Structure formats: C-alpha cells, structure tokens
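Here are my notes for you, point by point. Keep the structure open beside them as you read.

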Amino acid sequence: TLTISNLQLADAGNYRVVVTNVFGSATSSVAILSVSDAKPTILDQPQNQVSYPSGNVRFDLNFAGSEPAFFQWRFNDEDIPGETQPVLILTNLTKNQAGNYSVVVSNAFGFAVSSNAVLSIGNVAAWGNNYYGQTSVPAGLTNAIAVAAGYEHSLALKADGTVVAWGGNSDGQTNVPPGLSNVVAIAAGGWHSVALKKDGTVVAWGYNSNGQTNVPANLTNVIAITAGESDCYALTSDGTVFGWGWHVSGQVNPPGQTFTNIVEISSGRTHELALKNNGTAVSWGDVSFGLSNVPPALNNAVAISTRNDFNLALNSNGTVFAWGQNDQGQTNVPPGLSNVVAIAAGTAHAAALLANGKIVSWGSGDATNVPAGLSNAIRIAAGDIHTLAIIGDQPPEIFASPKNITRGNGVSQIHVPTLSGKIYILEFKDSLTNPDWTALPSTAGNGTIQTLIDSTATGPQRFYRVRQW
C-alpha cells in the first residue's frame, strides 16, 4: 500500500507498482492520480433574515471545493468567536445583533468570502402557514404598536400613524392608500383592510364584492373597528354599532334593542360579537354552533375575539371562555390557563397572551406552533392560518398618564384615559425595592376616563403602575 499525505500539485501523475519474488516480477497497470487546485467556491450564498427580540435565525451555506474545509462566520466583518461550522444558528436575539453576517471558507488551496446576509430585527413576530407570504414580515418594520391578521395578509400599525401591509394581495388588500396617516387602529378582513383615523373617520381598501370597502359617507366619531370575511363594523363614541358589506345572515344590522353601552366589537365569518360595559357579551347574525349561548359564568368580561365560527372572551380575573364550533379543538381552552391579558381567535385556532409576555395557543394548524423562546409579547392577532405578535423590550406601560389620583379610607382611585378594545390592569407594591408587582382585576377600555380602584391601600405608602394591552 502506498499512502501519500499532504498532497501537493506536484504529486499528480501516473503510479504503478512492481511486485517481485524469487520466481520473477509483475508490473501493475497505471493508476492516475489527479490533484486539482480546488479552491472553495460558494454555490449558495447566506440569505437575508428578518427576526425579532428573543427570536432565532439560521444562516446556511452551500459550497464546493477540496476537503477538508474550514469556516469562520463574521458579524460586520469581525470574526464571531467559536462560530466555525457550515451553519450559523443564533438564538434569543437582541436588537444589537442586527447587521451583516458573512462566512470565510478556506482549504489548502485558498479561500472564499460569502456576500453579506443582512439580519433585520424588528418588533413583529409571525408564524403559521406562509403560502401567501403572510408571515414574511418586511425587513425594517420597527415601532409597530398594533397588528391585524386577515385570511391571507397581515397589517401593522406604526407609532407614527402609518400602516404596513404584506402577504396575499389578490384583491389589493395590501395596497395601503397613498398618504394614509394619523391611523390609530387597524383591522384585516378576509381580503380587505380597514383603518381608523385619529379624527374618527374610517378608510377601507381591498376586495369589494359586497360593498365592504364602501365606508358610509356619514360615519364619524368612530372609536373602534373590526372586519369580517366580507363585512366591516364601526363602534362610535355613543356606543352605536354600524355595519356594512355582506348581509347574508343579517350580521350588518345589529339588533338595536340589545346594543347600548358597547365597548368592543369583533367580526366572525357570518356573525358578530360585542362586549358591553357591564361585562356581558352578545352575538348576532348566523349564530349556529351555539354562538349566541354565552357561558353563564362570563359576567365580567374585559375583551372579546372571534374570527370564524367560535367566540373567545377574557374575564377580568385573567381566565378565558370559549364557545361555538369545536371541530378542531378551537374552544378547548387549556386547563389551568390564567393570567391572560389578551386573546385572539383565528379560523380554527386561538391564542392567549399572558401577563409575563408568553403566548399560549390551541386548536389546529401551524399557527398554534408558538416559536420557541418567544417572550415579551405585548400584542397578538390571529388570522385564517397564521398568528402575529408584537414583541417589546419590557412589559407594556400605559400610553397616557393617570389623572386625579386620590386616596382615602384605605382606598386609592386612579383615573386613566382608556381606548376601546384595550384592557387595563392596575398593579401595586408597597416598596420600590420589591421586584414584584401585585395585579388587580383588569378593566375594559371604552374610550373614556376610567376609574381604577385599589380597596386594600391601608399601609403608609403604596406605589402604582397601570399596564395597557
């Protein structure tokens, strides 16, 4: 056996062996050794990635060249210690990891440097089915304060009052009207989108088969919006609900005698759900599957959500109620689920946001597969087969300052400007050195100044904060 180590180009050529013994010799045929100058060649470059704080990403590389090959991943042209494998996996991301990633591949004959793959870290997470690109969050999407999920598309509202849309655009549902600004709320329907402006007017665009984007000309003083499969609804400051669009089951004409003091609305496929300021819920339209059978124990609801043929409601004590169609487990609320601060209903799945920033999901499909390690979520939305979340750097704080804080006879009263569709939780602790806050029952926002009450304030001092979801 002939072994040649550390091959060089000069070792290339014809090899044969002569075998002899006392009776004679024999010569083998020629074996040709080719030694190629195979410097590394990168066949598939690492691809750009979009993620969020606490998220995970993976950069892959495909190359050709002589083995053995060696790898060194780089961040902004600086070597990353210890990252010497063909694949780079980053977990529990932070914002300071956004930038350019590349890799140097080397062997005995030379080296090759990949192009830069850009990692963008925004504050929107998306998961589930991505057939239409509805979970492909645009690079550079930051400062989102609200999200909405349609059947095939997604929306995000930025802090500057502008709207970003992505995903399926078969009917113009992601074509945000040029110049749209001063938006304070968004809703995504089946194949259309809706925005509420600061002045109380509504703008809609996308599929208009049933007049769902024909906003009534006299509609003003709107404080909340929702969008169904082919219809839209608006809640005005006096508690009145207006509907337009698909009328197949009477859902755009809410029964007036039951609609007073409404604080939140949500659209299903052919039915609607409303939350009243006394903590009860009411449904109208096609109420098959028992959609109008509100659980008797639900008497202090602070939030609601519906998408297809089932309903969700969040009680002030942080528990969740679900009723309606359950063919895919969408109303099977996980046993022991508590400390919930927001809910979202998809077509056949549901999601719940916990006070600690974690998300729990149940029902059917990939939309229930919450990404591992996701934390600090502050908003959620559920579409047909995908889920969205806004990821914060810390627990959410109220956007407006409390007003007229009073205390007497062991009772503290804190007056807070609220928004319809949001919930508010008053938290307290008796010492600033105590790392833990105690939460009181949540309160539904209704567009007015609400009074949050702590009836146990008997000590010499107490510190408060109000959190909004």
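1. Let's start with the rings: there are 8 aromatic pairs in this predicted model. Rings of Phe, Tyr and Trp (its six-membered ring) count as a pair if their centres lie within 6.5 Å, and the planes are called stacked under 30 degrees apart, edge-to-face over 60 and tilted for the rest. One of the pairs is Phe63 with Phe71, edge-to-face at 5.4 Å centre to centre and 80° between the planes. Phe63 is buried at 18% relative accessible area, and Phe71 is buried too, at 12% (buried means under 20%, exposed over 50%, partly exposed in between, with a 1.4 Å probe and protein chains only).

2. A quick word on ground rules. Because this is a predicted model, local features need pLDDT of at least 70 and side-chain atom pairs count only at pLDDT 80 or more, while totals for chains, interfaces and linings use all residues. Residues are numbered from 1 along each chain as its sequence is written, and side-chain values use heavy atoms, with hydrogens and water left out.

3. Now look at Tyr151 and Trp191, an edge-to-face pair with 5.1 Å between centres and 70° between planes. Tyr151 sits in the loop between strands 16 and 17, and Trp191 in the loop between strands 19 (183-188) and 20 (192-197), so the pair ties together parts 40 residues apart in sequence. Strands here are DSSP runs (E, at least two residues), numbered from the N terminus. Tyr151 is buried at 9%, whereas Trp191 is partly exposed at 21%.

4. Strands 16 and 17 (residues 153-158) pair over 5 bridges; pairing takes at least two bridges found by DSSP. Ala149 is opposite Ser154 in strand 17.

5. Glu427 is buried at 5%, and Arg467 is buried at 5%.

Conventions:
Helices (H or I, at least four residues) and strands (E, at least two) are DSSP runs, numbered from the N terminus.
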